[in-house]
Amino acid sequence: MSKFKSYMELALAEAMIAARREEVPVGAVIVNEHGETVAKSGNRIRELKDPTAHAEILAIREACTKLKSERLVGHHIYVTLQPCKMCLQAIINARLERLYYGAPDTSNAQFDPYNIENGGKIQGSSLEVYPNIHEYDSSDLIKKFFNERR
């Protein structure tokens, strides 16, 4: 098993924990240049009564606190769902080097100015994007979560 899949599996575990808390099942893991997990989180929007408590934001906050830095240069983030615009901007602002994500976000089918579905670098930043890592598992988790609530 390759490393990026094992990190995505950690993110999926965080997403499952979030689902048990009745949160939309999204998980995020931040890894340093040595392959060590620095931070991980799942969505906690309902629990914290905070609309910004997305998995990515919480993981970035945890990593920055641990490292005593507002920048995460050389770090990578693994997220089970394509980040929303708020989270993507936070990822860029934190200077993360790479973004790996699982499922594309089909809930907001509008034009994506970041064009991250196709991978590569986001224009105007040095962030490299790698989509569709464990896409089926990530999509399935979200579909099951919402189907159980309908």
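**Close-up views of a predicted model**

**Figure 1. The open sheet.** Six strands make up an open sheet of mixed pairing, in the order β2-β1-β3-β4-β6-β5. Strands β2 (37–42) and β5 (120–121) are at the edges, each with a single partner strand, so one side of each is left without a neighbour in the sheet. The model shown here and in the other views is predicted. In the protein, the secondary structure amounts to five helices and six strands. Along the sequence these follow the pattern α-β-β-α-α-β-α-β-β-β-α. Of the contacts in the protein with a separation of 6 or more, 56% are between residues 24 or more positions apart.

Figure 2. Strands of a sheet pair through backbone hydrogen bonds, in either the parallel or the antiparallel sense. Here β4 (residues 98–103) and β6 (residues 128–130) pair in the parallel sense, over three bridges. Within this pair, Arg 98 stands opposite Glu 128 in β6. Helix α5 (residues 135–149) packs on the sheet, where it touches β3 (76–81) and β4. The direction of α5 makes about 55° with that of β4.

**Figure 3. Helix α4 and its buried residues.** Helix α4 covers residues 85–93, and its buried residues are Cys 87, Leu 88, Ala 90, Ile 91 and Ile 92. These buried residues pack against helix α3 (55–67) and against strands β3 and β4. Just after α4, Arg 95 has a positive phi of about 65°. In the protein, buried residues account for 47% of the 150 residues.

**Figure 4. The packing of α3 and α4.** The axes of α3 and α4 are 9 Å apart, and the two helices pack at an angle of about 25°. This makes α3 roughly parallel to α4, because angles under 35 degrees count as roughly parallel. The crossing of α3 past α4 is left-handed. On the α3 side, Glu 56, Ile 57 and Ile 60 take part in the contact; in α4 they meet Met 86, Cys 87, Ala 90 and Ile 91. Among these α4 residues, Cys 87, Ala 90 and Ile 91 are buried.

**Figure 5. A network of salt bridges at Arg 44.** Side chains of opposite charge can pair when their charged atoms come close. Salt bridges link Arg 21, Arg 44 and Glu 47 in a network. In the salt bridge between Arg 44 and Glu 47, the closest N and O atoms are 2.9 Å apart. Arg 44 counts as partly exposed, at 28% relative accessibility, and Glu 47 is also partly exposed, at 39%. The count of salt bridges comes to eight.

Figure 6. The side chains of Glu 97 and Arg 98 form a salt bridge, with an N to O distance of 3.8 Å. Glu 97 has a relative accessible area of 28% and is partly exposed; Arg 98, at 24%, is partly exposed. Arg 98 is the residue that stands opposite Glu 128 in β6. In the other pair, the side chains of Arg 149 and Glu 148 meet in a salt bridge at 3.6 Å, N to O. Arg 149 is partly exposed, with a relative accessible area of 38%. Glu 148 has a relative accessible area of 63% and counts as exposed, because over 50% is taken as exposed.

Note on methods. Residues are numbered from 1 along each chain as its sequence is written. This is a predicted model: local features need pLDDT of at least 70, side-chain atom pairs count only at pLDDT 80 or more; totals for chains, interfaces and linings use all residues. Side-chain values use heavy atoms; hydrogens and water are left out. Two strands pair if DSSP finds at least two bridges between them. Helices (H or I, at least four residues) and strands (E, at least two) are DSSP runs, numbered from the N terminus. Contact means heavy atoms within 4.5 Å. Axes are lines fitted to C-alpha atoms, for helices over the stretch in contact, and angles run from 0 to 180 degrees between N-to-C directions. A salt bridge is a side-chain nitrogen of Lys or Arg within 4 Å of a carboxyl oxygen of Asp or Glu. Buried means under 20% relative accessible area, exposed over 50%, partly exposed in between (1.4 Å probe, protein chains only). Angles under 35 degrees count as roughly parallel, over 145 as roughly antiparallel, 65 to 115 as roughly perpendicular and the rest as oblique. A crossing is left-handed if the near helix is turned anticlockwise from the far one by less than a right angle, and right-handed if clockwise.
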